[in-house]
Amino acid sequence: MYTQAMDTMGKEAGDAGKALRSAEEMQRQEAFDARIDAGEFIEAKDWMPDHYRKTLLRQISQHAHSEIVGMLPEGNWITRAPTLKRKAILLAKVQDEGGHGLYLYAAAETLGTSRDQMLDALHTGRAKYSSIFNYPTLTWADMGTIGWLVDGAAIMNQVPICRCSYAPYARAMVRICREESFHQRQGYDALLTMMQQGTDAQRAMVQDAVNRWWWPSIMMFGPPDDQSPNSAQSMRWGIKRVSNDTLRQKFIDATVEQARVLGVTLPDPDLKWNEERQAHDYGAIDWAEFWRVIGGDGPCNEERLGARVKAWDDGAWVREAALAHAAKHAPERAAA
Ligand code: FAQ
């Protein structure tokens with residue numbers, strides 16, 4: 001109330017009003033920075049700088065888009081799962097991904113942008129989604145490998161987001177991370193079964209899938225820190241808690257031992273333990289490929305976006321019917 005009155009005063013009172021407004025703006029900014037420094041969570045109703053709101057909207061909506069586009073490569077294999085058990089697991093996983101998209105769109109909507117606007121940005125190529133989902137799923141072993149490596153990388157990146165300064169995003173992430181953990185384990189379990197009980201051909205299929213998914217998985221963490229334009233500000237605001245390179249290193253270090261137990265090799269001849277750093281050194285990542293894929297020129301970009309646009313168009317009658325139903329029953333609801 002008070003601040004609205006001051007806005008009106010500003011318009012009416014010329015320069016004096018503007019000065020008053022900007023003094024108030026500065027106070028709000030300082031109070032916001034102090035809350036971030038104290039590790040407090042920001043809620044949707046709280047004042048926040050415009051750039052903080054836009055950064056969150058960009059990251060959360062891209063994250064939501066990644067979940068729903070991420071349903072496509074695995075959805076492709078539901079009808080071809082080798083057993084009823086694997087089919088039920090894959091079905092549940094893909095449904096979870098749809099659910100994650102919904103929690104995330106709901107969290108992003110609290111920032112004042114509608115789901116229709118976010119989806120329009122996806123469909124018209126103005127919003128990104130994770131690079132990883134632009135690669136094809138060629139064999140059943142790709143399902144296990146996505147669970148092991150892609151969900152594994154997603155968890156490594158997302159656990160710190162449970163402490164993101166924006167509370168609605170942090171709350172959504174707590175639930176998502178629990179489910180991602182099941183996704184990772186089902187993938188590893190599927191691969192372990194093929195490696196320990198499968199034929200030579202099945203073991204070769206697993207190795208081939210790991211060879212194809214390894215490099216795209218470690219690209220998921222984003223560009224190197226010194227080429228990441230958003231990191232410094234996002235870390236300052238507590239949106240990102242751990243840097244792209246640090247998370248990539250942690251993921252590589254954790255995965256090497258899992259690969260050994262599985263009995264596969266990771267396709268990087270330069271991957272070796274560095275005693276001094278107490279971490280693994282790894283080979284050069286092909287960043288030109290990464291930028292090409294996020295720029296729209298990956299192996300499956302056109303197919304993935306085409307599938308999302310088709311789903312949106314085919315679902316138009318459902319949205320129209322739901323709106324018509326809601327309008328028809330609005331008077332009853334108002335009277336109740
Ligand atoms: N793909 O300055 P930074 C999942 C873009 S969910 C595409 O470092 P930032 C679950 C970035 O947007 C996977 N674009 O950016 C699942 C920026 O462009 P912009 C998704 C990427 O935001 C599993 C530019 O490059 N997870 O897998 C990528 O600080 C299995 C410069 O980069 C999330 O979204 C990329 N990999 O850091 C589902 C987690 N990396 O926007 C199905 C939340 C970077 O300025 C099956 N997001 N870019 O035009 C994040 O943590 C961050 O946004 C990063 C990027 C780390 C992805």
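**Note on the predicted model**

1. The model discussed here is a predicted one. An α-helix has 3.6 residues a turn, so residues three or four places apart point the same way. Trp-287 and Phe-290 are both buried.

2. *Ring geometry.* How many aromatic pairs does a search of the whole structure find? The search gives ten. For Trp-287 and Phe-290, the ring centres are 5.2 Å apart and the planes meet at 85 degrees, so this pair is edge-to-face. Planes over 60 degrees apart count as edge-to-face. Phe-290 also forms an edge-to-face pair with Trp-291, with 4.9 Å centre to centre and 75 degrees between the planes. Elsewhere, ring pairs join Phe-32, Trp-47, Tyr-52 and Trp-237 into a cluster.

3. *Overall form of the chain.* The secondary structure comprises 13 helices and two strands. The C-alpha trace spans about 80 × 60 × 35 Å along its principal axes. Of the 336 residues in the chain, 46% are buried. Among contacts with a separation of 6 or more, 75% are between residues 24 or more positions apart. The chain exposes about 17,500 Å², and carbon and sulfur atoms supply 57% of that area.

4. *The ligand.* Which residues come nearest to the ligand? There are 36 residues around the ligand, and those that come nearest are Arg-58, Lys-128, Ser-131, Ser-228 and Lys-240. In the side chain of Arg-58, an N or O atom is 2.8 Å from an oxygen atom of the ligand. Gln-62 places a polar side-chain atom 3.0 Å from a ligand oxygen atom. Pro-229 takes part through its backbone, where an N or O atom lies 3.3 Å from an oxygen atom of the ligand. On its own the ligand has 1,100 Å² of accessible area, and the protein covers 91% of this.

5. *Thr-55 in helix 2.* Helix 2 covers residues 50-69 and includes Thr-55. The relative accessibility of Thr-55 is 8%, and this residue therefore counts as buried. When its neighbours within four places in sequence are left aside, Thr-55 is in contact with Ser-234, Trp-237 and Ile-239. Trp-237 is also one of the residues in the ring cluster described above.

6. *Helix 5 and His-123.* Helix 5 (residues 115-123) has Met-118, Leu-119, Ala-121, Leu-122 and His-123 as its buried residues. Against which helices do the buried residues of helix 5 pack? They pack against helix 2, helix 4 (84-109) and helix 12 (301-314). His-123 has a relative accessible area of 16% and is buried, since the cut-off for a buried residue is under 20%. Leaving aside neighbours within four places in sequence, His-123 is in contact with Leu-305, Arg-308, Val-309 and Trp-312. Just after helix 5, Gly-125 adopts a positive phi of about 80 degrees.

7. *Ile-132 in a loop.* Ile-132 belongs to the loop between helix 5 and helix 6 (141-158). Is Ile-132 buried or exposed? At 0% relative accessibility, Ile-132 counts as buried. Not counting residues up to four places away in sequence, Ile-132 touches Val-150, Trp-213, Pro-216, Ser-217 and Met-220. Ile-132 and Ile-294 are 162 residues apart along the chain, and their C-alpha atoms are separated by 9.2 Å.

8. *Cysteines.* The structure holds zero disulfides. Cys-177 counts as buried at 10% relative accessibility, and Cys-300 counts as buried at 5%.

Terms used
Residues are numbered from 1 along each chain as its sequence is written. This is a predicted model: local features need pLDDT of at least 70, side-chain atom pairs count only at pLDDT 80 or more; totals for chains, interfaces and linings use all residues. Side-chain values use heavy atoms; hydrogens and water are left out. Helices (H or I, at least four residues) and strands (E, at least two) are DSSP runs, numbered from the N terminus. Buried means under 20% relative accessible area, exposed over 50%, partly exposed in between (1.4 Å probe, protein chains only). Contact means heavy atoms within 4.5 Å. A disulfide is a pair of cysteine sulfur atoms within 2.5 Å. A residue is near a molecule or strand if one of its heavy atoms lies within 4 Å of it. A polar contact is a pair of N or O atoms within 3.5 Å; within protein, one must be able to donate a hydrogen and the other to accept it, and residues adjacent in sequence count only if both atoms are side-chain atoms. Accessible areas come from the Shrake-Rupley method with a 1.4 Å probe; for residues, only the protein chains shown count as cover. Rings of Phe, Tyr and Trp (its six-membered ring) pair if their centres lie within 6.5 Å; planes under 30 degrees apart count as stacked, over 60 as edge-to-face and the rest as tilted.
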